[in-house]
Amino acid sequence: MSVNWFPKHMRSSEEVLRKNLKFADVIFEVLDARIPHSSRDPRIDQVIHQKPRIVVLNKCDLSDENSDRAWIEYFKRKGLMALNVNATQGEGIKRLAGTARGMVVAGKSRFKVPKDQKRAVSAMVVGIPNVGKSTIINAVAGKKKARIANKPGVTRVKQRVTTPMGLELLDTPGILWPRDDEKTLLKLAMTGAVKDELLDLESLSISLLEQLTVLAPERLRDVYGVEVAGKESHEILEEVALKRGCIQKNRGIDHLRVSCIVLGDFRKGKLGRITLEMPEDDG
Ligand code: G4P
């Protein structure tokens with residue numbers, strides 16, 4: 001599987017990010033809570049240097065709670081504050097704003113205190129495409145929806161979204177890029193961060209089922225009525241197809257349809273809250 005991120009945008013996105021960084025007191029580094037390693041730009045430390053930072057584990061409505069805790073501990077051990085957030089429902093957003101404010105205003109550790117302590121603390125959201133940056137900006141701003149492009153073309157530097165939480169956000173998020181190795185791309189694809197048109201959905205759903213038979217076999221049984229023990233993932237997929245009536249006119253299995261069902265159910269959380277990677281997995 002090879003995914004062409006937006007290559008010509010990559011360099012300019014970094015320039016925009018670096019330009020905007022100086023206007024921010026604190027950075028929100030947004031990760032997908034289901035795949036914190038895979039949704040992370042490995043160059044993050046070089047890009048933002050010593051800026052105060054909060055790691056935001058977003059989409060925690062879809063991730064496993066115990067795993068969230070393990071990740072928060074992991075980042076703590078690395079000296080980083082991490083919080084879990086569900087940006088679509090606004091859960092954890094107040095805590096995020098309060099923590100950011102506290103971090104900067106209290107001037108904890110190495111952080112610079114804004115000269116006028118009464119002014120709003122300025123934050124910038126950074127992360128790879130589809131991790132939820134615009135949803136977070138809108139949630140903090142108390143807005144419904146204003147999609148922000150995953151392209152750095154819009155250089156509305158210094159535009160700020162003021163919020164009732166003593167926090168102002170730069171409205172242009174910083175776009176980062178994931179690694180492009182096979183394993184990372186697979187996880188991103190499973191979570192829906194890569195356009196489905198670019199993917200072989202059948203192999204993707206089979207790889208996902210391989211993980212789910214380990215992580216949530218009972219959910220597969222409950223949701224699809226399929227016994228998973230001792231079966232290969234492609235067999236499970238075919239059994240799900242039969243249960244769900246994914247049969248073609250020639251009576252063959254409709255692999256594409258059943259793959260879309262399994263991937264869709266996972267991405268919407270219908271198979272439960274599942275984290276696909278843990279801190280101890282290779283990062
Ligand atoms: P980006 O700016 O980083 O590119 O991401 P964006 O906010 O556009 O979010 C990408 C997708 O992730 C959107 O779904 C958005 O709704 C979803 N999302 C963001 N935060 C959360 C969250 O906390 N939980 C869940 N479950 N989903 C979240 P979409 O299907 O692309 O669009 P939409 O039609 O749902 O808006």
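A residue is called buried when its relative accessible area is under 20%, exposed when it is over 50%, and partly exposed in between, with a 1.4 Å probe and the protein chains only. By that definition Cys60, at 9% relative accessibility, counts as buried, and Cys246 is buried as well, with a relative accessible area of 0%. This is a predicted model, in which local features need pLDDT of at least 70 and side-chain atom pairs count only at pLDDT 80 or more, while totals for chains, interfaces and linings use all residues. Residues are numbered from 1 along each chain as its sequence is written, and side-chain values use heavy atoms, with hydrogens and water left out.

A disulfide is taken to be a pair of cysteine sulfur atoms within 2.5 Å, and by this rule the count comes to 0 disulfides. Cys246 is accordingly in no disulfide, and the nearest cysteine sulfur, that of Cys260, is 9.2 Å away.

Turning to the strands, helices (H or I, at least four residues) and strands (E, at least two) are DSSP runs numbered from the N terminus, and two strands pair if DSSP finds at least two bridges between them. Strand β2 (residues 53-58) pairs with strand β3 (residues 81-84) in the parallel sense over 4 bridges, and in this pairing Ile54 stands opposite Met81 in β3. Together with helix α3 (residues 65-77), β2 and β3 make a right-handed β-α-β unit; right-handed here says that, with the strands pointing away from the viewer, the path from the first strand over the helix to the second runs clockwise.

Most residues other than glycine have a negative phi. Lys59, in the loop between β2 and α3, has a positive phi near 65 degrees and is partly exposed at a relative accessible area of 22%. Asn130, found in the loop between β4 (121-127) and α5 (133-141), has a positive phi of about 70 degrees although it is not a glycine, and Asn130 is partly exposed at 38%.

Which residues line the largest cavity? Its lining consists of Asp32, Ile35, Ser39, Lys59, Ile128, Pro129, Asn130, Val131, Leu188 and Ala193, where a cavity is a set of points on a 1 Å grid over the protein atoms alone at which a 1.4 Å probe fits but cannot get out, and lining residues have an atom within 4 Å of a point. The count comes to 1 cavity of 30 Å³ or more, and the largest cavity has a volume of about 40 Å³, a volume being the space filled by probe spheres set on the points.

Conventions: 1 Å grid on protein atoms, 1.4 Å probe; cavity = no way out; pocket = protein on both sides within 12 Å on 5 of 7 lines; lining within 4 Å.
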